[in-house]
Amino acid sequence: MTAVRSTVAALLGAVLAVSPVAPAASAAETVVTVAVAADTYTSSSSPSSDFGTSASLGIYGTPASTAVLRFVLPSPPPGATLSAAVLRLRTTTLSSAGSANAATVRTASDAWTETGTTYATRPAVGPSVLGTLPGGTAPGTGYTVPLDPSALAPSGSMSLAVQGTGSDSLWLASRQSTTVAYRPVLQLTYTDGGTGDVSAPSAPTGLTAAASGGTVTLGWAASTDDVGVTVYVVHRSTVAGFPVTAATVIGTTTTRSLTDPGRPAGMWHYRVTATDAAGNTSPPSPSASASVQPAPATETRVTLAPTADTYTSSSSPGSDYGASTSLAAYGSPSITSVLRFVLPAAPAGQRLTAATLRIRTTALGSAGSTTAATVRTASDGWQETGTTYATRPAVDAAVLGTLPGGTAPGTAYAIPLDVGPLAGRSGSTSFALQGTGSDSLWFASRQSTTASARPMLDLTFTGEGTTAAAVVMAVGDIACEAPVTVTATTCRHGDVADVVRAGAPDRFVALGDLQYQRATLAQFLGAGAYHDTFGSLRDITLPVLGNHEYLDGTTGYFDYFTGPGTVSSAIGTRPDGYYATRIGSWTFLGLNTECGAGGVSGGCAVGSPQYEWLRTQLAASTTCTVVAAHRPRWSTGASHGSYPQMAALWDLMAANGVDVVLSGHNHVAEVFRPIGVSGTGTTPTMSPTGIRSFTAGGGGSSMQNVTATTDPLLPALVARSRSAYGPLKLTLGEGSYSWQFLPVPGMTLTNNGTTGSFSGSDTCH
C-alpha cells in the first residue's frame, strides 16, 4: 500500500499541482497537501474593484470583505476516505493584519474567476460553517483551521470562503505572495478504513480460452489475497504475452469467467489481473489463446436502378437533356452522360467485391461506336433537369471501367468496374460515361419506355457470416504546426497517436481541426505535425471537416486524404465532405458542421442539401448508427460551448434513432446522457431514446477550460474533464456499445463538477 500511495501522490503532484507530504505515522493514512489554484477577495466599500492579482486577502465583517479560494481536490487513494482536512493560512506582516475578531470558513459557489470578480459579481457563500479561525491573531503568523471533511467535495474543483465576524481587519497572504511558504494550502488526510492492506493478490492461474464461432469463453482459477479479491480485469491483444495497459482492457467481472463475443477470424490472446478492496493489483496471468475460425463465406447481390440521369454536350451548351429517353457519349465533340445511383451500405460482415454497370445501346443505326468509352465517378452536385454543359458536374480522373469499341446498335453490354474506389461508399454516388473518339455512342436512359433497356448497376458483397465487434478510436483538435515544440501541456499529439495505435483500432475517427493553423497540405506534411504522428493511420481514418480545415478552403484536407484533384471519394465530395460508410455492423455518418457563411453548401437548416442527404441516409438505415461531427450540439467547453446552428441536424438524428454522436472543437472530454429532440434552446431535453454524445477534443494541440459548475448543462452530463489529452475508445458490437476515454501516460482524467465515470456501456435503440 505504501508504494501505491507514493505513486498516487506523485501523479497528483504532476497533474493537479498537488505536493506529497510524508505519510503520518500510521501506515493506514495518506496525507496530501493541495496548493490553492485561484484566490481573490471582494469588498463592499470598493464594489467595482478587482483584487485578483493582490498579494494579500482582506477579510472584514463590516464593511463586508470576503476572501474566496479555489482548490482542486484529488481523488482519494484506492480504498481510502477523507478523514481530516486543515486549511493553513498566514497573516501578512502589516501591523493591522491580525484581528481581534474570529473568521469563519464556508463553502462558496465555484462560478468565479481569479481576475474580473468584484463585489457585484461575488460568488454565493454557503450557510454552514466548516471551520473557525479564533480572534486574537497576530501579524506575520501561520494558523491552521480544522475543517469538517464531510463538507468537502470528493474530488475536483471547489471553493472556500473566509469571512470576518466584526469590524476589525484580517489580512492573509494570497497565492500571489512572493514567499511560497506563506501561500494558502489545504492539507487532506485519507484513511484506508483501518485495513492497512499492502499485499497484492496473487496472479490468476489456469487461464483457458475456447472459441465457438465468434465467441471466446474464458475461465481461470481464483487468486489468493490476505483480505479478498473484489474484481478481475480481463485484457485482450493480438500479441501473445502482451503487456497489460488501460487500452487492452475488455471487461471486468467478480466471477472467474467471461465471454468475449463478436471476435473476427484470427488468433486472440488474453490475460487476467486481480484487484482487492484496497486497490492492490496482482501481476497478470500467463496469456491464453483462442483461434477463431472463419465462418462460411456469404454473398449478397444487389441490383440498382439509377435515380437520375442526363447528358451534356459542348455543341449544344445551353441544352437540357434530363428528360431524354437516350444518353450519349462522344470524345469530340465533348458529350458526357452522368448517372446517379444510391449505393447501399455493405451488409454486416461483408464487403463490396464486384460492381458492373449494365447499359443497352439504342436501335439507332449509329448507336454503336467504333471507339471505347470509359466510366469514372463524378461530382454528385447536379440535378436531372436543369443541368447543361455549362453547369455539368466535374469528372474524376481515375477510370473505373471501360466499354471497348466495336459496339453495335440494340445490344446489351456489361462494364465491370474497379471496386477499390467504391469500397466503403454508401448513399448518392454519380458515375460519368465518356467517349474517347469522334464516333457516337447512344444508349437507353432511365426514361426509356422499355424497362429492360434502362441502365442498371449490379453490386456483389462477400464476407464472413459473423459480425465482429469493431474497435474505434476517436479524437479531434490534433496537431500543432511545424516546427513543433512539445511541452507538458501543449503539442502532445504524438503521445495521443501512440495511445491510438496501441489500441489496434479497426477505424480511427478524426474529429476535425486535425492540423493547425490553416490545415494546408504543407502543414499536414510538416515535421512533427499530423502526417508524422497520425499518418500511419490514414488507411483506417474516417475524418470530418473542422473550422481550421476551412481556413484553407478544405483543399489541404482533401489533398492529404484523397489526393490532389480528386472531386468525389469515400469521404465525400469536395468541398463539403459529408459521407456514409459502415463500421462493423454499424452505420457511420460523417457530417460537416461548418453551418455558417462560407461553410457547407446550403448550411445546416431544414431543407438544406446536407439535411436532405442525412434524412435519406437515416431512412435507409436499419442498424445502430454513430455520427461524427466537428462542432458539438451540446458542450460545456468554455472556449466554444454548444453549437445551436446544427439544431436541425440534431433533431433529425434524435427523431430517427441515432445512437451516438462524436464531436471535438472544445478541447475537453465530455460524456453526456441521452438527449432527444430539443430545438434551438440552450437546455437539452433528456430522453431514454435520445442520442448519447461525446466530446473528444483532447487530440494534443492545447487544453481549454470548462464552464462553471453552475452551468445548466451539468445535469445532462455523466462526466467531464479538461485535465488530460487522449482519445475516446468505442467498441461497437451487435446491438450494443461501450466507451472509455484513454488519457496519455502521466495524465489523469479528473471530474470537474461531475461525479460520473469516463467509461461505460449501453444498448442501441
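**Disulfides and strand pairing in a predicted model**

Q: In this predicted model, are Cys480 and Cys491 buried or exposed?
A: Cys480 is buried, and Cys491 is buried as well, a term that applies to a residue with under 20% relative accessible area.

Q: What makes Cys480 and Cys491 a disulfide?
A: The sulfur atoms of Cys480 and Cys491 lie 2.2 Å apart, and a pair of cysteine sulfur atoms counts as a disulfide if they are within 2.5 Å, so Cys480 and Cys491 qualify. Cys480 and Cys491 are each found in the loop between strand S31 (470-475) and helix H2 (493-502), eleven residues apart.

Q: Why is the disulfide of Cys480 and Cys491 given a handedness, and which one?
A: The torsion about its S-S bond is about -100°, and the disulfide is therefore called left-handed.

Q: How do you know that Cys595 and Cys604 are joined, and which hand does their bond have?
A: The S to S distance between Cys595 and Cys604 is 2.0 Å, which falls within the 2.5 Å cut-off, so the pair is counted as a disulfide. Because the torsion about the S-S bond of Cys595 and Cys604 is about -85°, this disulfide is left-handed.

Q: What makes Cys624 and Cys764 a disulfide, and where do they sit?
A: Their sulfur atoms are 2.2 Å apart, and this value is within 2.5 Å, so the pair meets the rule for a disulfide. The bond links distant parts of the chain, with Cys624 in the loop between helix H7 (609-620) and strand S38 (625-628), and Cys764 in the segment after strand S45 (759-763), 140 residues apart. Both Cys624 and Cys764 are buried.

Q: What makes strands S15 and S18 a pair?
A: Eight bridges join strand S15 (residues 229-237) to strand S18 (residues 266-276), which run antiparallel, and since at least two bridges are needed, S15 and S18 count as paired. Within this pairing, Val233 stands opposite Thr273 in S18.

Q: Why do strands S16 and S19 stand at the edges of their sheet?
A: The open sheet of four strands has the order S16-S15-S18-S19 with antiparallel pairing. Strand S16 (249-253) and strand S19 (288-292) each have a single partner strand, so one side of each has no neighbour in the sheet. Neighbouring strands of this sheet are turned by 25° against each other on average, direction ignored.

Q: How do you know that strand S28 pairs with S23 and with S25?
A: Strand S23 (residues 335-343) is joined to S28 by eight bridges, and strand S25 (residues 373-378) is joined to S28 by six; because two strands pair with at least two bridges between them, both pairings hold. S23 and S28 run antiparallel, as do S25 and S28. The bridge partner of Phe341 in S28 is Thr429, whereas Ala378 stands opposite Ser430 in S28.

Q: What makes strand S28 mostly covered?
A: Eight of the nine residues of strand S28 (residues 427-435) are buried.

Note on methods. Residues numbered from 1 in each chain as written. Predicted model: local features only at pLDDT ≥ 70, side-chain atom pairs only at ≥ 80, totals over all residues. Heavy atoms only, no water. Axes fitted to C-alpha atoms, helices over the stretch in contact; angles between N-to-C directions. Buried < 20%, exposed > 50% of the residue type's maximum accessible area, 1.4 Å probe, protein only.
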